[in-house]
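Here's a protein chain to explore together. Take a look at the structure, and then we'll walk through some of its parts.

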Amino acid sequence: MNINNYFAFWNQASVTIHDIRSIRIEAGGGRYSYRLPASSFIYFTRGSATVWLEGHMHRVGGNYLLHGGKGMQLLVETSEPVDYFIILYKARLPAADAASSQQPGDNPSQEQYAFIPLYPAELRETAERMSGTWKVSTQMEKLYAKSLFYHFVYHLHWQMQRQAIIPLKPSLLDQAIQYMNDHYHTPITVESVAGVLNCSTRYLSKLFSQKLEESPVRVLTRIRLDKAVQLLTETNISLHEIAESTSYSDARALSRVFKKQYGMTPLQYRMQYREANSVPKWSPNRAGEVVVPPKPLCYIDNGYHNQLEHHRRGELPMFTRSKPTIAAIMFVCFTVLLAGCGATSGTNGNSNKNETANSSTQAATAAEQPANNGVKSFQDKFGTRDIPVHPQRIYAIGAASPLLILGIQPVGAPNYEVAPDYYLSNYKNKINIVGDYPPNYEAIIDLKPDMILASDYIDAEVYEKLAKIAPTATFVWQGQDVYGQLNQIADIVGKADEAKKWISEHQERGLKAKDEISQLIGADETISILWIYKDSFQIVGNRNVGHVIYNLLGLKPHPLVKKTIDDNNGELVFTDNLSLEALPDYDADRLIVMVSDVDAGAEENFNNMKQSGVWKSLKAVKNNKVYEVPYDKWWSYTVLSVDGLLDDAVELFKR
């Protein structure tokens with residue numbers, strides 16, 4: 001959306017101002033986290049800080065303006081005094097205009113941007129007047145504050161126009177979560193969300209599992225439970241009314257889900273909360289207060305700070321492994337995809353490798369200590385239990401590729417894992433597709449598995465049901481490469497020696513391929529790998545196909561790609577979504593291009609890119625060194641794909 005469309009939106013939109021705050025972080029600083037309860041302008045006027053807005057980092061120095069949509073995570077980290085304004089509002093088009101747009105990402109008030117105003121005086125003065133007027137709390141003054149808000153918006157967008165600022169369109173994942181936040185009170189399903197976003201249910205579920213290690217159903221459940229908690233603690237309405245407000249069939253259904261999450265009934269939670277009175281409201285009369293919280297806080301949808309959830313470690317922009325509420329679930333953005341077969345964009349790395357190592361060690365220890373009766377003790381995040389030492393009939397969830405490498409044919413695997421994976425769907429011994437996710441438990445029972453092996457992104461509820469069918473072991477999905485994952489699974493199924501042998505042979509193949517390709521590509525030639533979507537593209541890092549190109553074959557990434565990898569602790573799946581204007585920043589000697597075949601419109605977008613002057617100006621295009629590769633073979637990151645792509649990559653550069 002260009003800036004003229006923004007002006008058109010603001011000319012038609014109905015605006016409600018929720019709050020206007022003047023916030024000060026005192027000397028000594030700290031780390032402060034907020035969940036934006038509404039669309040927000042955040043205007044820093046004094047001090048230096050590192051600020052993350054939905055996973056995008058900004059170096060703030062005195063005069064800096066950010067905009068974020070409802071539900072985005074704002075994280076401020078500083079060691080010195082910082083002053084900023086936060087203006088919370090809601091803007092929507094009249095129903096007739098809104099009906100013409102079906103995409104949740106079409107609302108400019110939900111988009112993210114940041115810039116340094118060239119003319120800050122007018123913006124600052126207007127923000128100060130808005131804040132001061134808002135404190136008075138009379139209806140007349142609030143009307144005046146609203147008129148000042150329009151003046152602020154006009155002057156801001158006038159400067160954006162002069163400075164050619166391009167907002168970031170929310171990603172498909174952001175849009176899905178936003179849609180859930182807006183419609184949690186209705187009986188929406190994964191299918192209906194996918195329909196609104198014009199993507200397949202399989203792709204949406206896979207996106208959630210890869211980026212968040214969670215299913216869409218579980219995320220929606222947490223959104224609804226967060227709202228239930230708010231209603232329990234903020235109101236006196238009945239449990240039946242709360243159930244209706246959160247789209248549960250009755251109070252009993254809500255209580256069952258609530259108790260499983262919080263370990264107590266909703267009414268027990270309400271009573272305990274009121275006795276402790278531990279969540280202070282952010283009162284409208286405290287607008288000028290100094291912000292000095294003992295721990296990072298989440299700013300939730302009711303306009304209050306929520307001290308029940310604290311900011312978690314920086315492994316993912318959205319989830320922790322300690323069952324957080326949705327306030328922690330939705331901390332974004334980067335995440336990138338598939339770090340260890342699944343991670344967050346631009347922000348993943350080694351932050352959870354210790355946890356991975358510990359989990360792998362636990363699995364290894366269990367594998368080396370078999371008990372009587374052919375079983376051994378095994379521990380993962382779901383607890384400790386006995387599993388077979390040498391299972392013969394394994395149902396695999398996320399583990400099919402490693403098992404095949406180890407010489408174990410699973411008795412079944414879900415459709416979402418097998419169907420989109422070229423190497424699994426074309427494996428010499430056909431993989432038995434059984435169910436999807438959530439699993440088809442009856443079909444799994446019919447397989448008579450002696451063990452179920454699953455990645456640890458499965459829901460606790462799913463685990464409990466699977467464990468009733470057969471001993472179920474999970475492996476750590478996040479924060480390790482394909483070799484670490486293979487070793488971990490090998491320890492679980494008693495195939496450690498086979499894993500070591502395969503890795504050794506595979507790496508030997510890699511060295512031979514590296515020698516061969518060194519004769520084809522100069523040592524100083526750079527490579528960028530593009531992943532094309534319907535309205536944007538991403539640059540692939542050193543995971544997925546990047547693992548083969550950069551790590552195994554030793555080819556040289558474009559300097560900006562190398563810097564981004566280094567800035568993310570040496571691990572980058574891919575960058576955030578980029579627009580065509582950013583393409584020259586990655587102008588490498590050679591380009592590898594993958595066009596998504598699961599994102600409708602990606603092929604058309606690529607064709608349009610190729611017609612642009614930006615594309616035609618690239619070195620690789622001018623020198624005929626652009627390599628289009630089949631998406632189905634090149635997108636994934638498994639032991640089967642990295643091995644198979646070694647030969648394909650060498651042949652690619654022989655063209």
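## Before we start

This is a predicted model, so local features need pLDDT of at least 70 and side-chain atom pairs count only at pLDDT 80 or more, while totals for chains, interfaces and linings use all residues. Residues are numbered from 1 along each chain as its sequence is written, and side-chain values use heavy atoms, with hydrogens and water left out.

## The whole chain

The chain has 27 helices and 22 strands; these are DSSP runs numbered from the N terminus, with helices (H or I) of at least four residues and strands (E) of at least two. Of its 655 residues, 56% count as buried, meaning under 20% relative accessible area with a 1.4 Å probe, protein chains only.

Now for contacts, meaning heavy atoms within 4.5 Å. Take those between residues at least 6 apart in sequence: 70% of them join residues at least 24 apart.

## Helix α20

Helix α20 covers residues 496–518, and its 23 residues should span 33 Å at 1.5 Å a residue (the expected span is 1.5 Å times one less than the number of residues). Its end C-alpha atoms are 33 Å apart, which agrees.

Which residues of α20 are buried? They are A499, W502, I503, H506, G510, A513 and I517. What covers them includes α14, α19, α21 and α27.

## Two partners of α20

Two packed helices are described by the angle between their axes and the distance between the axes. Axes here are lines fitted to C-alpha atoms, for helices over the stretch in contact, and angles run from 0 to 180 degrees between N-to-C directions.

The axes of α19 and α20 come within 8 Å and cross at roughly 155°. These helices are therefore roughly antiparallel, the word for angles over 145 degrees. On the α20 side, the contact residues include W502 and H506.

With α27, the angle is about 20° and the axes are 10 Å apart. That makes α20 and α27 roughly parallel, the word for angles under 35 degrees. W502 and H506 of α20 take part in this contact too, and V639 and L646 are among the residues from α27.

## A closer look at K556

K556 sits in strand β20 (residues 556–557). Is K556 buried or partly exposed? At 37% relative accessibility, K556 counts as partly exposed, the class between under 20% and over 50%.

Not counting residues up to four places away in sequence, K556 touches A523, D524, E525, T526, I527 and Y550. K556 and E525 are 31 residues apart in sequence and 6.5 Å apart in space, C-alpha to C-alpha.

Terms used: Parallel < 35°, antiparallel > 145°, perpendicular 65-115°, else oblique.
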